[in-house]
Amino acid sequence: MGSYRRHESAYVSQQANVGGGTRVWNHANIAPGAYVGKDCTIGQNCYIAPGAVVGSRVKLQNNVSVYRGIILEDDVFCGPGVVFTNVLFPRSEFPKKPAQYDKTLVQKGASIGGGAVVVAGNVIGQYALVGAGAVVAGDVPDHAVVMGNPARQTGWVCRCGNPLSEDLVCSACQRRYQKTEKGLAPAEGK
């Protein structure tokens, strides 16, 4: 796809699609059939499986595995040791086929803190923020802040990453938001 850089200890399959400007750090593994967009950072010991999709400008800190059925849209951030699952009811004796894997979608601009677990089959909304160590067992609305086990909403966050006030205004960039069925969206005319 483009010119990318990789550490000499990293493995990037010739059958993987890796976008230009992406950096692949030591001991990372990008498998055949994986897709990685442009200008990504793939940290140490990361694994991207066949059929996994990683958008552009995504940052995977060390020790993150992205399995088949996981889609990370553009500008997603995953802190160190984020765990994604792709089968809700796994059995070693009765392995699932790829068509049976549960799908997980992390939408544009979302951030997931270090050590968080994202259970298969959920959607993390645009610009949502998942706290470190949280266990996401349900969908997360756009711009929501969730924490804990199980993850529960504790507030709202701006596109720029700062918490929003009760009137849904960012004190840092002055963006204004309004509630929608999917969470928050920019307020019209603002």
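**Entry 1**

I looked up Tyr-67 and found a relative accessible area of 31%, so I noted Tyr-67 as partly exposed. The cut-offs are these: buried is under 20% relative accessible area, exposed is over 50%, and partly exposed lies in between (1.4 Å probe, protein chains only). The model is predicted, so local features need pLDDT of at least 70, side-chain atom pairs count only at pLDDT 80 or more, and totals for chains, interfaces and linings use all residues. Residues are numbered from 1 along each chain as its sequence is written, and side-chain values use heavy atoms, with hydrogens and water left out.

Next I searched for aromatic pairs. Rings of Phe, Tyr and Trp (its six-membered ring) pair if their centres lie within 6.5 Å; planes under 30 degrees apart count as stacked, over 60 as edge-to-face and the rest as tilted. The search gave one aromatic pair. Tyr-47 and Tyr-67 make up this tilted pair, at 6.2 Å centre to centre and 55° between the planes. The pair links distant parts of the chain, 20 residues apart: Tyr-47 is in strand β8 (residues 47-48), and Tyr-67 is in the loop between β11 (65-66) and β12. I took strands from DSSP: they are runs of E with at least two residues, numbered from the N terminus. Tyr-47 has 27% relative accessibility, so Tyr-47 is partly exposed.

**Entry 2: Salt bridges**

What can side chains of opposite charge do when their charged atoms come close? They can pair. I used this rule for a salt bridge: a side-chain nitrogen of Lys or Arg within 4 Å of a carboxyl oxygen of Asp or Glu. The structure holds four.

I began with Arg-57 and Asp-74, whose closest N and O atoms are 3.7 Å apart. Arg-57 lies in the loop between β9 and β10, and Asp-74 in the loop between β12 and β13 (77-78), so this pair ties together parts that are 17 residues apart in sequence. Arg-57 is partly exposed at 39% relative accessibility. Asp-74 is partly exposed at 30%.

Arg-57 also meets Asp-75 in a salt bridge, at 2.7 Å from N to O. This pair links distant parts of the chain too, with Asp-75 in the loop between β12 and β13 and the partners 18 residues apart. Asp-75 is partly exposed, with a relative accessible area of 26%.

Then I went to Lys-182 and Asp-142, which meet at 3.6 Å, N to O. They are 40 residues apart: Lys-182 is in the loop between β23 (177-180) and β24 (183-186), and Asp-142 is in the loop between β20 (135-136) and β21. Is Asp-142 buried or exposed? Asp-142 is buried, at 8% relative accessibility. Lys-182 is partly exposed, at 46%.

**Entry 3: Ser-56**

Ser-56 sits in the loop between β9 (53-54) and β10 (59-60). Ser-56 is buried, at 11% relative accessibility. I listed its contacts (heavy atoms within 4.5 Å). Not counting residues up to four places away in sequence, Ser-56 touches Gly-37, Lys-38, Cys-40, Asp-74 and Asp-75. The side chain of Ser-56 reaches the backbone nitrogen of Lys-38 at 3.0 Å.

**Entry 4: The core**

I looked for a nonpolar core, a set of buried Ala, Val, Leu, Ile, Met, Phe, Trp, Tyr and Cys residues joined through side-chain atoms within 4.5 Å. The largest one has 45 residues, and Leu-60, Leu-72, Phe-84, Ile-112 and Ile-124 touch the most other members. Strands β12 (70-72) and β21 (144-147) each supply at least two residues of this core. Among the residues that Ile-124 touches are Leu-105, Ile-112, Val-130 and Val-140.

I then checked Val-146, in strand β21. Val-146 is buried, at 4% relative accessibility. Its contacts include Leu-129, Val-130, Val-140 and Ala-151.

**Entry 5: The sheet**

Nine strands form an open sheet with mixed pairing, in the order β1-β4-β7-β10-β13-β16-β19-β21-β22. Two strands pair if DSSP finds at least two bridges between them. The edge strands, β1 (5-6) and β22 (152-156), each pair on one side only. Two bridges join β4 (residues 23-24) to β7 (residues 41-42), and these strands run parallel. Which residue of β7 stands opposite Arg-23? I found Thr-41 there.

Key. Helix = DSSP H or I, 4+ residues; strand = E, 2+ residues; numbered from the N terminus. Polar contact = N/O pair within 3.5 Å; in protein donor to acceptor, adjacent residues only side chain to side chain.
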